[in-house]
Amino acid sequence: MIFHFKILLWTLVFLFGLEIISSNPISASWSWYVFAILPLLIIAYISAKRLTKRSSDAFLPGLLALVAPTLLSLIDSPNARQLFVVLSALMYYFALLGIYRLRHAPTDQTAQAFLNTAAMAALFFFFSVLYGFYLNFSFPLWGLMLLYFFGTSLTSYQLFISVEREERRRVLIYSVLLGLIMGEMVWVMSFWPFGYLTTGALGLIFYFVCWDIAFDGFRKKLSLKKAVLRLLFFLVLSILLLASSPWRILV
């Protein structure tokens, strides 16, 4: 069942909060980020805890609550901002629906698909926001790599643990490896002359390919042929993305 009244209600609260942020002047200051993000983080925690009775399930909705307002501050067009608000609310609904259904039916493949979709969207927002800060503010590269590592590791852990709660050590190892890979990847991307959205999309494609390979390895269904095909898929998409993206002029 896709429709759930409580989840819809919490999503509308989240949507209302983003609408308030979108309709008010945005200034990139610490006080703005605290007052904009903190209420949404509290909403994400309460909504997840009410639905699943577990605090750990609040991570993914919390990540969306953290990065959505921040990425919103980098969007200038009112129409684009409104579209982004609606998209963020939809991903928030998917995240809550995924954790709720997996709480009651751990083998629910549809719920896992909802959770995976929300996680990929949250990571795209996360990668784009951090790289946008790196480009526009005096943000150190080592800090960017560290945040990529922690954000990727924690999100991967949330995805892996939703399908395997017995082998927690193995889940942790796979999650940390993906975090290290993305930390190195953003170091490589920092030398490329592309904007934050292009970099965020490229980072997401690379993460998805690595996560998919790791997921098959986790389920012991990985083969060399599958891994090679996924890497070729990454190369083709990356070439198409970079060829169609504007270059950032380096000074």
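Trainee: Of the contacts in the protein with a separation of 6 or more, what share comes from residues 24 or more positions apart?
Mentor: This is a predicted model, in which local features need pLDDT of at least 70 and side-chain atom pairs count only at pLDDT 80 or more, while totals for chains, interfaces and linings use all residues. Residues are numbered from 1 along each chain as its sequence is written, and side-chain values use heavy atoms, with hydrogens and water left out. Taking contact to mean heavy atoms within 4.5 Å, the share that comes from residues 24 or more positions apart is 74%.

Trainee: How many helices and how many strands does the protein have?
Mentor: Both are DSSP runs numbered from the N terminus, a helix being H or I over at least four residues and a strand being E over at least two. Read along the sequence, the pattern is α-α-α-α-α-α-α-α-α. The count is therefore 9 helices and 0 strands.

Trainee: Which residues does M91 touch, leaving aside neighbours within four places in sequence?
Mentor: M91 lies in helix α4, residues 78-104, and it counts as buried because its relative accessibility is 7%, where buried means under 20% relative accessible area, exposed over 50% and partly exposed in between, with a 1.4 Å probe and protein chains only. The C-alpha atoms of M91 and F114 are separated by 8.5 Å, the two residues being 23 apart along the chain. The residues in contact with M91 are L64, T117, A118 and A121.

Trainee: Is S128 buried or exposed?
Mentor: S128 belongs to helix α5, residues 109-136, and, not counting residues up to four places away in sequence, it touches L71, Y196, L197 and G200. Because its relative accessibility is 0%, S128 counts as buried.

Trainee: How far apart are the closest N and O atoms in the salt bridge between D108 and R101?
Mentor: Side chains of opposite charge can pair when their charged atoms come close. A salt bridge is defined as a side-chain nitrogen of Lys or Arg within 4 Å of a carboxyl oxygen of Asp or Glu, and a search of the whole structure finds 2 of them. D108 and R101 are both buried, and their closest N and O atoms are separated by 2.8 Å.

Trainee: Which residues form the positive surface patch?
Mentor: Lys and Arg count as positive and Asp and Glu as negative, without His and the chain ends, and the place of a charge is taken as NZ of Lys, CZ of Arg, CG of Asp or CD of Glu. One member lies in helix α1, residues 5-23, and counts as exposed because its relative accessibility is 54%. The patch is formed by K6, K49, R50 and K53.

Conventions
Patches are made of residues with over 30% relative accessible area and no salt bridge: like charges are joined within 9 Å, nonpolar side chains (Val, Leu, Ile, Met, Phe, Trp, Tyr) within 5 Å. Accessible areas come from the Shrake-Rupley method with a 1.4 Å probe; for residues, only the protein chains shown count as cover.
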